[in-house]
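Me: I would like to learn how to read the features of a model such as this one, beginning with the surface. Could you take me through it step by step?

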Amino acid sequence: MSPTTDLLTVKCEGMSSGGRYNRHSLSQARWQSEYLWPLVRAELARLADTTPATTPKALLLADLGCSEGGNAGSILSSVEEVLIGSGSHPRVVVWEDLPSNDWNTVVSVLDSNPSLRVATRDPLLTLPEASSKITSLLAEPAPTSATPAQPSVVLVALSFYSQVLPTASCPLLWSSTCMHWLSAPGPPLPRSIFPGDGPFRARAASDPAHEAWARRAAEDWETLLARRAEELEVGGLAVVGMVA
């Protein structure tokens, strides 16, 4: 085959809208429940134990890459069970995804849960906007009644390759099966480096295009870690589930 017909150009496009991801992400939901959630639950328990219910501190939590909200809503419900059981801790939860995300479906998912308070029905598009809103919610007085406070959900339409949360503000964030997406595509790839078409590893290791994609992935991972380091408070934890 000629070089022009033996290359695969990768085009990055947004996910389908209209609830399609929510309907077709059962495997991601199962992985999230079996592997990601136990790690998140353990850290939530630690946070609850170190924050007395008599003097509750508002918690900032974040789900990066919320997509249409189906799986994000499932893990948030589990989060609420832990926190409500440990006392009425005020909490602000950020759901982040790209501006092109189907935010209408996200809002409909949130509206279907009366225990949640939707603080921003339109996603915030800049870090100053997001930081201002999050900071003001965290500063709200704690509830004085025995009724558990509703979590305030803030929608942020930014790339997780940028800073999404106020600096040094978040004790716990998580991201489930989405940070494998690169910030931008690399060069066209020879079809022969893909699994199922010959000895994958041997061909990939010697291919310049594959090396360029590997460099991009390494640089992107460093960027992701640097941005999360800006957002997490001292001792904070980021739980990230990646496609292997």
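Me: Which residues make the nonpolar surface patch of about 270 Å²?

Reply: Patches are built from residues with over 30% relative accessible area and no salt bridge, like charges being joined within 9 Å and nonpolar side chains (Val, Leu, Ile, Met, Phe, Trp, Tyr) within 5 Å; a salt bridge is a side-chain nitrogen of Lys or Arg within 4 Å of a carboxyl oxygen of Asp or Glu. Here W221, L225 and M242 form the patch, and L225 belongs to helix α7, residues 208-231. L225 counts as partly exposed because its relative accessibility is 46%, where buried means under 20% relative accessible area, exposed over 50%, and partly exposed in between (1.4 Å probe, protein chains only).

Me: What should I know about the origin of the model and its numbering?

Reply: The model is predicted, with local features needing pLDDT of at least 70 and side-chain atom pairs counting only at pLDDT 80 or more, while totals for chains, interfaces and linings use all residues. Residues are numbered from 1 along each chain as its sequence is written, and side-chain values use heavy atoms, with hydrogens and water left out.

Me: How many helices and strands does the chain have, and what percentage of its residues is buried?

Reply: Helices (H or I, at least four residues) and strands (E, at least two) are DSSP runs numbered from the N terminus, and the chain has seven helices and eight strands. Of its 244 residues, 41% are buried. The chain exposes about 12,600 Å², of which carbon and sulfur atoms supply 57%, with areas taken from the Shrake-Rupley method with a 1.4 Å probe and, for residues, only the protein chains shown counting as cover.

Me: Which residues does N101 touch, beyond those up to four places away in sequence?

Reply: Contact means heavy atoms within 4.5 Å, and on that basis N101 touches C66, S67, E68 and V106. N101 lies in the loop between β3 (91-97) and α4 (103-111), and counts as buried because its relative accessibility is 14%.

Me: What does A72 contact when its neighbours within four places in sequence are left aside?

Reply: A72, in helix α3 (residues 70-86), is in contact with D63, C66 and W95. Its relative accessibility is 3%, so A72 counts as buried. A72 and L110 are 38 residues apart in sequence, with their C-alpha atoms 10.0 Å apart in space. For the chain, residues 24 or more positions apart account for 82% of the contacts with a separation of 6 or more.

Me: Where does D207 lie, and how far apart are the C-alpha atoms of D207 and L189?

Reply: D207 lies in the loop between α6 (200-205) and α7, and its 13% relative accessibility is why D207 counts as buried. D207 and L189 are 18 residues apart in sequence, and their C-alpha atoms are 8.8 Å apart in space.
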